[in-house]
Amino acid sequence: MKILVAIKPVPNPDEKVKIMGDGSGIVLENIKMVVNPFCEIAIEEALRIREKLTGEVIIVTVGPKVSEQQVRTALAMGADRAVLVEAGADLDSLAVAKVLAKVVADEKAELVLMGKQSVDDDNNQVGQILAAVLGWPQAAFASKVEFAADNKKANVTREVDGGLETIEVGLPAVVTVDLRLNEPRYASLPGIMKAKKKEMKVVPLASLGVDTTPKVKVLSYAPPKQRAGGGRVADAAELVSKLKNEAKVL
Amino acid sequence: MADILVVVEHQEGVFKKNTLSVVSAAKVLAGLSGGEVDALVLGDGVAAAVADVAAGTGVRMVLLGEGAAFAKYLAVTYAGAVAQVVKAKGYGAVFAPASTFGKDFMPRLSGLLDAPLASDIVGLEKEGDALRVKRPMYAGNAIGTVELVGSPLLFTVRQTAFDPATMGGAKAPVEKVAVTAEAGGTAFVSRQETKSERPELTEARAIVSAGRGIKAQENFKLVEELADLLNAAIGASRAAVDAGWAPNDWQVGQTGKIVAPELYIAVGISGAIQHLAGMKDSKVIVAINKDEEAPIFQVADYGLVADLFKAVPEMITELKKLKSA
């Protein structure tokens with residue numbers, strides 16, 4: 001099966017981001033960029049499917065040239081080759097989805113796997129938009145993917161409010177992955193060595209002929225309201241008394 | 001501006017209250033830009049009951065699109081049907097909740113209509129004549145001001161950011177609309193509901209959440225006992241869900257449920273950035289953790305540095321005393 005995995009580099013999610021003084025952006029100097037955690041899960045799933053069904057795992061990202069570091073990480077995990085569509089960092093979800101649709105068509109992918117959301121913009125959009133642009137079925141928030149015997153269909157279990165839901169999608173399809181799908185592997189040292197020699201095709205955005213004029217523009221960033229926090233109580237008795245008499249929530 | 005459409009979420013005939021906050025958000029836009037707010041209910045026979053509830057939420061009218069193809073929710077059929085209604089009636093904006101329902105089909109609608117979508121919005125404002133949308137990014141550590149270009153404007157709404165519209169008001173008319181559905185290679189197979197007698201996480205007045213510190217699934221009994229005394233819903237951190245101690249839909253956080261109850265009690269939760277993103281707008285936050293350095297204490301109004309296996313039973317005893325007083 002030919003599987004395309006779309007990935008995105010994000011600032012290390014374990015560090016709290018800082019907003020630039022003028023609110024025009026997020027401070028990225030001295031911040032470690034990593035593969036978006038949901039994308040790692042998508043890569044892992046693609047590798048597991050390839051192990052079972054054979055085929056090829058192609059990584060694709062849309063963004064600045066420096067993204068190749070995270071693409072190399074994906075290759076080091078075991079993906080076969082990569083496509084980097086070189087573009088500015090300001091593309092919106094619609095533009096990214098249209099660019100991906102072009103790559104999917106060029107590569108004749110049979111399955112697209114991607115994270116349900118990138119933990120920087122927190123949009124949770126690109127996979128579903130891509131499915132619409134391609135006219136393909138979609139299964140968002142996957143926690144289990146099982147293929148039918150003929151590999152023409154898959155049952156995908158989705159993490160939804162209220163529990164779990166299973167749908168059947170005909171292939172080709174776009175599947176966006178949730179946290180419980182798998183535990184991504186780490187890149188091994190031999191994997192890292194091999195990744196250096198794997199093919200990474202750099203494609204200029206302009207060569208794809210996609211209109212990427214943004215329809216969603218982030219104009220500025222501001223910090224959220226801060227909580228006072230830090231209050232302490234000595235024991236459970238004081239806690240319950242304060243909840244009743246001070247906070248009045250009991 | 002053209003009129004505004006709210007897509008109503010329901011679970012096979014049961015109206016979901018998140019729609020009330022979505023109606024409020026849609027009315028904020030109507031106040032800023034003009035236009036009337038209508039609701040759309042898709043479903044089969046049970047949808048009429050949902051339309052009846054939606055009719056009492058202060059909307060101008062309710063559109064009811066029925067058909068066997070809508071008996072089970074599918075993103076493919078919903079996005080297609082909403083697109084038909086938007087085109088036929090010329091709506092200028094579409095709102096849905098930022099639940100796993102809205103987050104699933106609204107981006108697909110965005111792709112079908114080539115229309116801009118702002119996810120998980122917490123505010124709408126005017127800057128001169130221009131509309132500005134506020135939405136949390138980076139696990140809620142930045143609030144982005146966003147401009148949308150194109151039409152219709154699409155929004156998913158963070159339920160906790162808008163006061164719910166009232167239910168049971170004067171009934172708006174319900175009008176049937178013709179919609180067709182193409183399942184396009186997708187079919188519903190099954191649904192596994194997390195059974196609970198407790199309030200829903202996103203609707204509860206109080207929530208007791210447990211994390212890694214709870215150590216084992218059987219220890220959730222302690223959390224349940226505390227929750228029952230407070231008529232609270234039960235939540236969990238990612239660590240507790242990943243460990244298999246709690247079902248996935250209990251997860252509170254950046255990529256799980258976003259909650260803002262009157263009272264949030266975090267038990268054995270360290271307070272990773274991703275968890276704080278899901279609960280830091282709660283009115284009163286209590287943290288019980290034996291690690292006094294745990295980041296959860298930075299957002300807690302009442303922090304108790306203690307072993308939860310000692311503190312929670314003591315809290316239960318105190319609450320029982322209070323109840324019998």
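Author: Of the 15 residues of helix H3 (residues 93-107) of chain A, 11 are buried, so this helix is largely enclosed by the rest of the structure. Here a residue is buried if 20 or more other C-beta atoms lie within 10 Å of its own, exposed if 12 or fewer, and partly exposed in between, with C-beta atoms placed from the backbone. The model is a predicted one, in which local features need pLDDT of at least 70 and side-chain atom pairs count only at pLDDT 80 or more, whereas totals for chains, interfaces and linings use all residues. Residues are numbered from 1 along each chain as its sequence is written, and chains are lettered from A and ligands numbered from 1 in the order in which they are written. Helices (H or I, at least four residues) and strands (E, at least two) are DSSP runs, numbered from the N terminus.

The buried set of H3(A) comprises A:Ser93, A:Leu94, A:Ala95, A:Val96, A:Ala97, A:Lys98, A:Val99, A:Leu100, A:Ala101, A:Val103 and A:Val104. At 1.5 Å a residue, H3(A) should span 21 Å, and its end C-alpha atoms are 21 Å apart, which agrees; the expected span is 1.5 Å times one less than the number of residues. Just after the helix, A:Lys108 takes a positive phi of about 55 degrees.

Helix H1 (residues 37-53) of chain A can be described in the same terms. Its 17 residues should span 24 Å, and the end C-alpha atoms lie 25 Å apart, which agrees. Buried in H1(A) are A:Phe38, A:Cys39, A:Glu40, A:Ile41, A:Ala42, A:Ile43, A:Glu44, A:Glu45, A:Ala46, A:Leu47 and A:Ile49.

Buried residues make up 50% of the 250 residues in chain A, and its C-alpha atoms fill a box of roughly 65 × 45 × 40 Å along the principal axes. Of the contacts in chain A with a separation of 6 or more, 70% join residues 24 or more positions apart; two residues are in contact if their C-beta atoms, placed from the backbone, lie within 7 Å.

Among the strands of chain A, S8 (residues 153-160) and S9 (residues 163-170) pair in the antiparallel sense over eight bridges, where pairing requires that DSSP finds at least two bridges. Within this pair, A:Ala154 stands opposite A:Val169 in S9(A). Two residues lie between the strands of this hairpin, and A:Gly162 takes a positive phi near 95 degrees. S9(A) is also joined to chain B: seven bridges link it to strand S13 (residues 186-193) of chain B, and the two run antiparallel. In that pairing, A:Ile167 has B:Phe188 of S13(B) as its bridge partner.

Helices of the two chains meet as well. Helix H6 (residues 236-245) of chain A and helix H8 of chain B pack at an angle of about 45 degrees, with their axes 8 Å apart. Axes are lines fitted to C-alpha atoms, for helices over the stretch in contact, and angles run from 0 to 180 degrees between N-to-C directions. H6(A) and H8(B) cross in the right-handed sense; a crossing is left-handed if the near helix is turned anticlockwise from the far one by less than a right angle, and right-handed if clockwise. On the side of H6(A), A:Ala236, A:Ala237, A:Leu239, A:Val240 and A:Lys244 meet B:Ala311, B:Glu314, B:Met315, B:Glu318, B:Leu319 and B:Leu322 of H8(B).

Strand S14 (residues 206-210) runs parallel to S15(B), joined to it by four bridges, and B:Ser209 stands opposite B:Gly235.
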